[in-house]
Amino acid sequence: QLGHIESLTILRDAGAVTDRRNRHGLTPLCLAASKGHSQAVVIIAHNLTKRAINAYCGGYTALHWCCVTGIDAACGFLAKKGADAALRAEPDGETCLYKAATYCHSPCVDILLDAGADANATNSDGATALLACAASGDYASLDLLIARGGDVHKADLAGRTPLGVAAQKGNLSCVSRLAAAGALSSSATPAGDTLVDRFLYKLSFPFAKKEESEDVAPGGCTG
C-alpha cells in the first residue's frame with residue numbers, strides 16, 4: 001500500500017499472487033492506482049493478464065483509478081497492456097476519459113485518446129468528457145477532445161451543453177474555446193435564458209473564475 005518499489009519487485013519475482021483481493025474487495029493493482037503509486041502499478045501489472053488488469057474494484061477498474069489520481073505514466077502502461085478505456089465505472093457509467101476530464105488530468109486524456117477512447121462517449125446521465133471539462137475548467141483537456149472529434153453541441157439528458165455549463169461556471173477559457181469551435185449554434189439553456197445572460201450573471205460575483213489567472217491551476221482547473 002505504501003508503494004515500496006523494491007519490496008514489490010522482489011515479491012512479484014518470487015511468485016507472489018498479485019491479483020488477490022483484500023477484505024475491501026480491492027486488488028493490489030487497484031489499491032496502488034487509487035493511492036497514486038505509479039511505479040507500483042507498473043510493477044504489479046507487469047505479469048497480469050488482460051482480464052486481471054480490467055477487473056472491477058469498488059466499481060472502478062485500475063485505469064479508472066489512474067485517471068482519478070492522475071498518474072499518467074501508469075495510465076499509459078495499462079493502456080499498452082490492454083486496459084479497456086471503454087469500460088464504465090459503476091454505478092454512474094463514467095468512462096475513464098470522463099474521470100480524467102473531471103479531475104483535470106489532461107496527460108491522461110491525451111493517452112486515452114491515443115489508445116482509441118471515444119471522445120463522445122457518455123455516462124449514465126448522457127454527459128460527455130467535453131461537458132466534464134466545461135464544468136471543471138480543464139481547457140487543456142477540452143482542446144485535446146475537440147481536436148479528436150469531440151462534439152461541442154452534444155447535450156446531456158438534462159439538456160446541458162458544454163458551452164452552457166462553461167458559461168454557468170464562469171470558465172472563460174472553456175467558453176472562448178467552445179465558441180471558436182462553433183458551439184454558439186447550440187446556445188440554448190434548459191432555463192430558457194441565453195448563454196450571455198448566464199455568463200454575465202456569473203461574472204457579477206467576485207469569486208468568478210478568471211481566464212488562466214493565478215487562480216487557475218495547471219491544466220485549467222481551479223485550485
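Okay, ground rules, quickly. Residues count from 1 along each chain as its sequence is written, side-chain values use heavy atoms, and hydrogens and water are left out. Since we have a predicted model, local features need pLDDT of at least 70 and side-chain atom pairs count only at pLDDT 80 or more, while totals for chains, interfaces and linings use all residues.

Let's start inside. The largest nonpolar core holds 58 residues. By nonpolar core I mean buried Ala, Val, Leu, Ile, Met, Phe, Trp, Tyr and Cys residues joined through side-chain atoms within 4.5 Å. And buried is under 20% relative accessible area, exposed is over 50%, partly exposed is in between, with a 1.4 Å probe and protein chains only. The residues with the most contacts inside that core are Leu29, Val41, Leu78, Leu112 and Leu145. As background, nonpolar side chains tend to be buried together in soluble globular proteins.

Take leucine 78. Skipping residues up to four places away in sequence, leucine 78 touches Leu29, Val41, Ala45, Ile53, Ala62, Leu63, Cys66 and Ala83, where a contact is heavy atoms within 4.5 Å.

Some of those names come back when we look at two helices, α5 (residues 62–69) and α6. Helices here are DSSP runs of H or I, at least four residues, numbered from the N terminus. The axes of α5 and α6 come within 9 Å and cross at roughly 155°; axes are lines fitted to C-alpha atoms over the stretch in contact, with angles from 0 to 180 degrees between N-to-C directions. So α5 is roughly antiparallel to α6, a label for angles over 145 degrees. Who makes the contact? On α5 we have Ala62, Leu63, Cys66 and Cys67, and on α6 we have Ala74, Cys75 and Leu78.

Staying with α6, which spans residues 72–80, aspartate 72 sits in that helix. Is aspartate 72 buried or partly exposed? Partly exposed, because its relative accessibility is 35%. Leaving aside neighbours within four places in sequence, aspartate 72 is in contact with Pro107, Cys108 and Ile111. Aspartate 72 and aspartate 110 are 38 residues apart in sequence, yet 9.3 Å apart in space, C-alpha to C-alpha.

That brings us to charges. How many salt bridges does the structure hold? There are 7, each one a side-chain nitrogen of Lys or Arg within 4 Å of a carboxyl oxygen of Asp or Glu.

Aspartate 110 pairs with arginine 148, closest N and O atoms 3.1 Å apart. Aspartate 110 is in helix α8 (residues 106–114) and arginine 148 is in the loop between α10 (139–147) and α11 (162–169), so this pair ties together parts 38 residues apart in sequence. Both are partly exposed, aspartate 110 at 27% and arginine 148 at 36%.

Arginine 148 also bridges to aspartate 114, with closest N and O atoms 2.9 Å apart. This pair again links distant parts of the chain, the α10–α11 loop and helix α8, 34 residues apart. Aspartate 114 counts as exposed, at 57%.

Then there's a network of salt bridges linking Asp92, Glu94 and Lys99. In it, lysine 99 and aspartate 92 have their closest N and O atoms 3.4 Å apart. Lysine 99 is buried at 3%, while aspartate 92 is partly exposed at 24%.

Last stop, helix α12 (residues 172–180): Ser173, Cys174, Val175 and Leu178 are buried there. After α12 comes glycine 182, with a positive phi near 95°.

Note on methods: Parallel < 35°, antiparallel > 145°, perpendicular 65-115°, else oblique.
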